[in-house]
Each structure stands twice: as structure tokens, then as C-alpha cells.
Amino acid sequence: MQVYSESDIGLVRSSNQDDCRTGIFPDGTAWAVVCDGMGGANGGCTASRVAVETIAAALQNGYEALTDEDKLHELMASAVQEANGKVYALSQEDFSLRGMGTTVVAAVVRDGRVYTVHAGDSRAYLISDGTVKQLTKDHSIVQELVDMGQITEEQARCHPQKNIITRALGTRRNLKTDDNRAEFPEGSVLVICTDGLSNYVTEDSLLAFVKTSKGSELTAKLIHAAKQLGGSDNITVAVIEG
């Protein structure tokens, strides 16, 4: 397993409110956490930083190589909930941070399986056998409109409310997350990203990049593509290669 990550401020924003942590446990298990903060420069940066630091520490302190997959997912979910509590508490203690929050995608790849826990509109894509599958589902107003059949996926890409999310870590005392488990065949690639990438790079383009690039070259090319197409937001990408 190999894991890579890169974050870029983009072409418009004055600060980078995204954050990311990645690593590999001694048994070869790979993990990554990607967050996209909100709540102004100070709040957004604080929310994403505290979230990734808390989740990364919880995973590193609680991971056991022999843990079964149910307990592994419990560890991931509890790590995200711990981060939610910390970010929410900070927002209540400091008026300047009131209302801050962050999206989150936490992912672990082990023994031919990928596990994710997420909230918000940052995404995880599994690229395997020449296909792309989005493992996460956006928690957003636009996604709800798509689910109700009121707009198409294509219309969603340019909808004026596409950046309004319905769930975020740290905005409430309790956070509801979604989880996913999927097969991760040998040679698969997991791409986790903030909407600074997914708003610009389509699944077809993502597949094309994965077919021709690997590792840090892949993260760099994806970020470059998002900037070439507009780069209006911070862009963060984490890649786990099997």
C-alpha cells in the first residue's frame, strides 16, 4: 500500500481551509482523513485542523492489526465523533469561531477492503478495473434535489446552491455520519478529495488521470487540472494505491 496527499489554496481564496492527514500502520494498512473547513478563514482553518488532528490521533492510538472489520469501523466512527465534540466545544467557547464546521472523509484500506466514514460533500472515489465508483454520497441540498428527481446530475454540477451542505462536523453537538465498506482489489486506487477538485474534475477525467499517473504525480496533475478549469476553491487530494 502507498498513500499520497497534496493540498493547494487554489486561485481565488486568500487562505487554505482544507486539511489532510495520511499514514500507513505497521501492518501495511493505509489511512487518510480529508476535511474542508467552513466558517471564515479563522473558523474554517481551525475546524479542519482540529478535526484531522483528532481523527488521526484516535486512529493511530486505537488501531490494532487483529481488530475485525466491525471494530475497525467503530474506531473510525468514534474518532469522527470525538472530533465533532472538540470542534463544537471550541465554537461554543470562542465567539469568533461560532458556526465553524468542516466536511470529513475518513478512510482505511486493509486486506482488500476499503472503509469510509463521512459527512458533508467531500468525496471518496474507488477506481478499479477501469471503472470509477463514488463511495460517498454528498450531504447537500443539491444532492437531495437529485434524489427527488427535480434536477439531473449534470444540472447539479452548476446549480447555484451546490455548495450548501446539510451535514458538517462541529456545527452541532451530535453528528450523523454515513459509512461504507467495499472490496478493494489489488491494483485499485482510492481518491479522496474536497469539492475544490470534484467541482471541476469529472469521473471520466479522474479515470483518465489514474490510468496514466501514479502517486505524487497523480495528486499534482489532479490539482493542476482543477486550477486550469477555474480553481475557485481550495483543492485537496489524498490517494491510496493498492
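How many helices and how many strands are there in the chain?

**Figure 1. Overall fold of the predicted model.** The chain holds 7 helices and 11 strands, where helices (H or I, at least four residues) and strands (E, at least two) are DSSP runs numbered from the N terminus. Its radius of gyration, taken over C-alpha atoms, is 17 Å, close to the 18 Å that the globule rule gives for 242 residues, so the chain is as compact as a globular protein of that length. The globule rule is 2.2 Å times the number of residues to the power 0.38. The C-alpha trace spans about 45 × 40 × 35 Å along its principal axes. Residues are numbered from 1 along each chain as its sequence is written. In this predicted model, local features need pLDDT of at least 70, side-chain atom pairs count only at pLDDT 80 or more, and totals for chains, interfaces and linings use all residues, while side-chain values use heavy atoms, with hydrogens and water left out.

Figure 2. Of the 242 residues, 52% count as buried; buried means under 20% relative accessible area, exposed over 50%, and partly exposed in between (1.4 Å probe, protein chains only). Contact means heavy atoms within 4.5 Å. Among contacts between residues at least 6 apart in sequence, 71% join residues at least 24 apart.

**Figure 3. Helix α2 and its cover.** Helix α2 comprises residues 69–93. Its 25 residues should span 36 Å at 1.5 Å a residue, and its end C-alpha atoms are 36 Å apart, which agrees; the expected span is 1.5 Å times one less than the number of residues. The buried residues of α2 include Leu 72, Leu 75, Met 76, Ala 79, Val 80, Ala 83 and Val 87. His 73, Asn 84, Tyr 88 and Ser 91 of this helix are buried as well. An α-helix has 3.6 residues a turn, so residues three or four places apart point the same way. Cover for the buried residues of α2 includes α1 (40–62), β5 (104–110), β6 (113–119) and β9 (178–183).

**Figure 4. The loop between β5 and β6.** Asp 111 lies in this loop. Although Asp 111 is not a glycine, its phi is positive, about 50°. Most residues other than glycine have a negative phi. With 69% relative accessibility, Asp 111 counts as exposed.

**Figure 5. The loop between β7 and β8.** Asp 129 is located between β7 (123–128) and β8 (131–134). This residue, not a glycine, has a positive phi of about 55°. Asp 129 is exposed, its relative accessible area being 72%.
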